Amino acid sequence: MPPSRRVRALIDGLSWAEKLGQLQIVFRPSLHEAKQLVRGGIGSVFWPRSSAAVNALQRVAVEETRLGIPVLVGLDVVHGHRTTAPIPLAQAATFDRDLVRELARLAAAEARSAGVTWTFSPMIDVSRDPRWGRVAEGFGEDVYITAEMGRAMVRGYHGEELAASDAIAATAKHFVAYGQPEGGRDYNTADASEHRLRNVHLEPFRAAVETGAAAVMASFNTVDGRPMHANRRLLTDVLKSEWGFDGIVVGDADGVRNLIPHRVAADLADAVRLAYGAGLDVEMGGAPSDLNPSELAPDRLDPARLDDAVGRVLALKEALGLFDDPYVPEADERTEPTHEARRLVRTAAARSAVLLKNDGTLPLRRPRRVLVTGPYAESADHLGAWTQSFAAPAGSIADELGERMPQAELRVAPGVRFLDDDASGIPLVVAAAREADIVLVFAGEPSSLTGEAASRSDLRLPGRQEELIRAIAGTGTPFVVVLETGRPLVVADWIDRAPAVIVAWHGGTEAAAAIVDILLGDAEPSGRLPMSFPRSSAQVPIHYAHELTGRPATVGGTLDETSVDIGLHGPDNVHEKYTSKYLDLELGPQFAFGHGSGYATFVHGAPRISADTVRLETLEAGAHVVVEVEVTNTSSRPGDEVVQAYLEDVVASVAPPVRRLVAFERRTVEPGATVTVSFELGTAELGFWSTDSAPARFVVEPGLFRIHIGSRLERTQAVELVVR
Ligand code: GLC
C-alpha cells in the first residue's frame with residue numbers, strides 16, 4: 001500500500017541519520033538512558049515499565065527531536081501482561097479460537113493502557129521436538145492449529161482498529177522454521193526442504209499475514225544455509241513480494257550481530273548492510289548506532305530500500321494513532337488483574353488441562369484425609385515462560401485446597417524439590433500416604449526449564465519426582481498426578497501405575513484455582529494434546545502428521561486409550577525386520593496429538609457428507625462439501641467435546657501425511673443433549689503446496705480422500721470423497 005501523504009512527507013524530510021534511527025529498537029534499563037536514545041533519534045524502544053515513563057519518552061520524541069516523530073513501544077506480551085494466561089501451548093490445547101482471541105484482547109487492553117503499542121507475539125513456529133524449550137511459546141506440532149491460533153491472537157491484539165486504546169500491533173514470530181532446530185537445541189540449524197517449508201513452517205505465517213499481522217520477526221536460525229536475518233529469498237521474495245506483506249520485518253534481539261558468528265558477515269557493518277538488504281526493516285539491539293555513519297552511507301546501503309523500511313515503520317505509527325495522540329492516560333493504566341481478567345484466565349487454564357487417564361478417581365468425592373505432595377504443592381511458579389517480573393503473582397495449590405476443602409484433613413509434604421537430587425523427604429511422604437484416603441501429587445517442570453535457551457535432552461520429570469511417584473504407588477493408596485509443564489514429557493516410567501493423570505501445563509495467574517476446580521469437578525478437564533507425548537526422549541521429533549514411509553511398521557488389534565500412532569495401525573508386522581521402527585521401543589507416542597477427555601461422555605453418530613464426488617473445477621470455483629456429525633452427551637453433567645476432522649489424501653503426487661487436521665470445533669453439550677457439528681471443506685482443506693515449480697503452487701489433486709471425524713485421532717469414523 002503506498003505511503004500516506006504524511007508518511008511520504010516525513011520520508012522526504014528525514015535526514016539519512018534520522019532514517020537509520022527509525023530502523024532500530026533498543027532496550028535501555030534506565031529511563032534516563034532511554035531518553036538519551038530517543039533524543040538521539042531512535043524510533044522504537046522497549047516498554048520502560050509504566051505509562052508515565054512512556055509519556056516521558058514520547059514527550060522527548062515529540063518535543064526534543066527535529067521532526068517530532070513519536071516512538072513505538074515494544075514488549076513481549078506473549079501470554080498476558082499483568083494478568084498471565086496459560087502458556088500458548090496450553091491455549092492450543094483448548095482447541096478454542098474464540099478463547100485465544102479473548103485472552104489476546106485482555107493482554108492488549110492491559111498492555112496498551114500501560115503505553116505498550118507493539119507486542120512480539122504470536123509465536124507461530126510449528127515444532128515436533130519437545131526437547132526445544134520454546135514449544136511452550138508456540139501452539140504445538142500441528143500446522144492448522146498453529147495457523148488458526150495465530151490468526152486468533154492477531155485478531156485479539158489488533159481488535160477493531162490499531163489506534164484504539166486497547167489494541168497493540170502483533171508480530172508473527174519467528175520467521176521461519178525456528179521450531180525445527182537440529183538436535184532440538186535452540187538457535188541451531190533448521191534446514192528444511194521447500195516442500196516442508198511451504199506445507200509446514202511457512203503456512204502459519206501466511207495465515208498471520210493474511211489476517212493482517214503488523215510485523216514479522218526474523219528467527220535466529222539458518223534455512224538453506226542462510227541465516228534468516230540475511231535470507232533475502234524468504235524475507236523479501238516470499239514474505240514481501242509473493243505474499244504482499246506491507247508491515248515491518250523486525251530482527252530478533254541481536255540477530256543482526258549474530259550474523260558474524262554465523263560467519264556470513266565479516267564485521268558489524270557488513271552484518272547491518274546484509275540484513276537491511278535482505279529485507280529486514282527494524283534492527284533489534286542498536287547495531288547501526290554502534291557504527292561509524294560512513295559505514296552505512298547512502299553509497300553503502302540502497303536508499304530506496306531504506307525509504308521502504310522507514311515508510312513501513314511510519315505507517316505503523318500512523319495506524320496506531322501515535323501522530324494524532326502519542327500519549328497514554330496514566331490514570332487508566334491497569335496495574336492489577338480485574339475480577340473479570342482472573343475469571344477469564346481461570347476458565348482458560350481449566351479448558352487447557354488435558355486428562356491423560358482416569359480410572360474414575362476423578363473428580364474427587366470429598367475425601368477426608370488428603371495428602372498433598374510434590375514440588376508444585378506449595379509452589380507459586382505457575383506462570384510459565386515469557387512471564388514478566390511485573391506480572392501479578394499466582395497462588396499455591398496447597399492454599400487453594402485449604403480454602404476449597406474445609407472438610408478435609410489436609411497434610412502437605414512436598415517430599416522432593418524440582419531439580420535437586422535430594423530424595424530424603426520421600427520416606428515421610430510414603431508414611432503419610434499410608435494414612436491418607438488419597439494422595440494428590442503436584443509434579444512437573446519449573447518455568448525455568450522452559451522457553452528460550454532451555455532445550456532439554458532428557459524429557460522425564462526433573463530431580464527425584466519420578467521416584468516420589470513410584471514410592472507413592474507402592475503404598476496402594478489411590479493417587480492423582482497433576483503435571484505442570486511447558487512441553488510434552490516422557491512419563492513412561494510411572495504412568496501405568498497412576499490411577500489418574502492431568503496435564504495442567506503452566507496455567508498462569510489462576511492456575512491453582514483452575515487445577516482445584518478440575519480436581520473437585522467444578523470444571524471439565526477438556527483440553528486435547530497439541531503435541532504428542534513421546535515414549536522416550538530418543539523418539540523425537542515425533543508427530544502424528546508423518547509420512548507412512550515405504551516400509552511402515554504397523555500393529556493390529558483395536559486402537560486403545562493410550563493410542564498407538566494412527567498411521568501405524570494395520571496388519572501386525574511389527575516383528576518383521578525390514579520395517580520402520582525401533583528395536584527397543586514400542587511404536588508410536590505414549591499419547592497422540594488430540595488425546596484427552598473430560599468427565600462427561602459423548603457418543604458420535606455416523607458422519608455424513610453432502611456429496612461423495614465433486615469436480616475439481618467446482619471446488620476451484622469456491623464450492624465446498626459439508627461433513628457433519630451428531631454428538632450426544634451421554635453423561636449426567638454438561639461437558640465440552642472437541643470434534644476434529646482429519647484429512648487422508650489416499651494417493652498424491654508427493655508422499656502425503658497419514659492424516660492432517662483440517663477442521664476442529666469445540667462444543668459445550670448439555671446432559672442428554674445432541675448437537676450437530678458441521679465442517680465445510682474446500683480447496684483450502686483439500687489442497688497442499690506443490691513445489692514441483694517455483695514459486696510453489698497451491699493445488700488440489702483429483703483422487704480419493706477420506707475425512708476422519710471424531711473426538712481424537714484413534715476415535716474417528718471416516719467418509720469418502722472423490723475429486724475428479
Ligand atoms: C528474544 C526472543 C524473541 C523476543 C526478543 C525480544 O531473544 O527470541 O522471541 O521477542 O528477544 O525480547
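Trainee: Where is proline 541 found?
Mentor: Proline 541 sits in the loop between helix 17 (511–520) and strand 17 (602–604). Please keep in mind that this is a predicted model. The peptide bond leading from valine 540 to proline 541 is cis, with omega near 0°.

Trainee: Which residues does the cis bond with omega of about -5° join?
Mentor: That bond joins alanine 694 and proline 695. Proline 695 is in the loop between strand 24 (688–690) and strand 25 (697–699).

Trainee: On to phi, then. What is the phi of threonine 549?
Mentor: Threonine 549 is not a glycine, yet its phi is positive, about 75°. It lies in the loop between helix 17 and strand 17.

Trainee: Why does threonine 549 count as partly exposed?
Mentor: Its relative accessibility is 44%, and the partly exposed class lies between under 20% for buried and over 50% for exposed.

Trainee: And what about arginine 366: is its phi positive or negative?
Mentor: The phi of arginine 366 is positive, about 50°, although this residue is not a glycine. Arginine 366 is in the loop between strand 11 (354–358) and strand 12.

Trainee: Changing topic: which residues come nearest to the ligand?
Mentor: Asp76, Arg134, Lys173, His174 and Asp252 come nearest, out of 13 residues around the ligand. By class, that shell has 7 nonpolar, 1 polar and 5 charged residues.

Trainee: Which polar side-chain atoms lie 2.8 Å, 2.6 Å and 3.1 Å from an oxygen atom of the ligand?
Mentor: For arginine 134 the distance is 2.8 Å, for aspartate 252 it is 2.6 Å, and for glutamate 452 it is 3.1 Å. The ligand taken alone exposes 310 Å², of which the protein buries 91%.

Trainee: You listed Lys173. Where is the place of lysine 173?
Mentor: Lysine 173 belongs to strand 5 (residues 171–175). With 1% relative accessibility, lysine 173 counts as buried.

Trainee: What does its side chain pair with?
Mentor: The side chains of lysine 173 and aspartate 76 are joined by a polar contact of 3.1 Å.

Trainee: Now the helices. Which residues of helix 16 (residues 465–473) are buried?
Mentor: In helix 16, the buried residues are Gln465, Glu466, Leu468, Ile469, Ile472 and Ala473. They lie on the same side of helix 16, because they cover an arc of only 160° around the axis.

Trainee: What do these buried residues pack against?
Mentor: The buried residues of helix 16 pack against strand 12 (369–373), helix 15 (426–434), strand 14 (438–444) and strand 15 (479–484).

Trainee: And which are the buried residues of helix 3 (residues 31–39)?
Mentor: Those of helix 3 are Ala34, Leu37 and Val38. Their arc around the axis is only 95°, so they are on the same side of helix 3. They pack against strand 1 (24–26), strand 2 (44–46) and helix 4 (51–64).

Trainee: What follows helix 3?
Mentor: Glycine 41 follows helix 3, and its phi is positive, near 105°.

Trainee: One more region. Is leucine 721 buried or exposed?
Mentor: Leucine 721 is buried, as its relative accessible area is 0%. It lies in strand 27 (residues 715–723). Leaving aside neighbours within four places in sequence, its contacts include Ile609, Val625, Leu686 and Phe705.

Trainee: How many residues separate leucine 721 and isoleucine 495 in sequence?
Mentor: They are 226 residues apart in sequence, and their C-alpha atoms are 40 Å apart in space.

Trainee: Finally, where does glutamate 617 lie?
Mentor: Glutamate 617 is in helix 18 (residues 616–620). Its relative accessible area is 45%, and glutamate 617 is partly exposed.

Note on methods
Residues are numbered from 1 along each chain as its sequence is written. This is a predicted model: local features need pLDDT of at least 70, side-chain atom pairs count only at pLDDT 80 or more; totals for chains, interfaces and linings use all residues. Side-chain values use heavy atoms; hydrogens and water are left out. A residue is near a molecule or strand if one of its heavy atoms lies within 4 Å of it. A polar contact is a pair of N or O atoms within 3.5 Å; within protein, one must be able to donate a hydrogen and the other to accept it, and residues adjacent in sequence count only if both atoms are side-chain atoms. Accessible areas come from the Shrake-Rupley method with a 1.4 Å probe; for residues, only the protein chains shown count as cover. Ala, Val, Leu, Ile, Met, Phe, Trp, Tyr, Cys and Pro count as nonpolar, Asp, Glu, Lys and Arg as charged, and the others, Gly among them, as polar. Helices (H or I, at least four residues) and strands (E, at least two) are DSSP runs, numbered from the N terminus. Buried means under 20% relative accessible area, exposed over 50%, partly exposed in between (1.4 Å probe, protein chains only). The arc is that of the directions from the helix axis to the C-beta atoms. Contact means heavy atoms within 4.5 Å.
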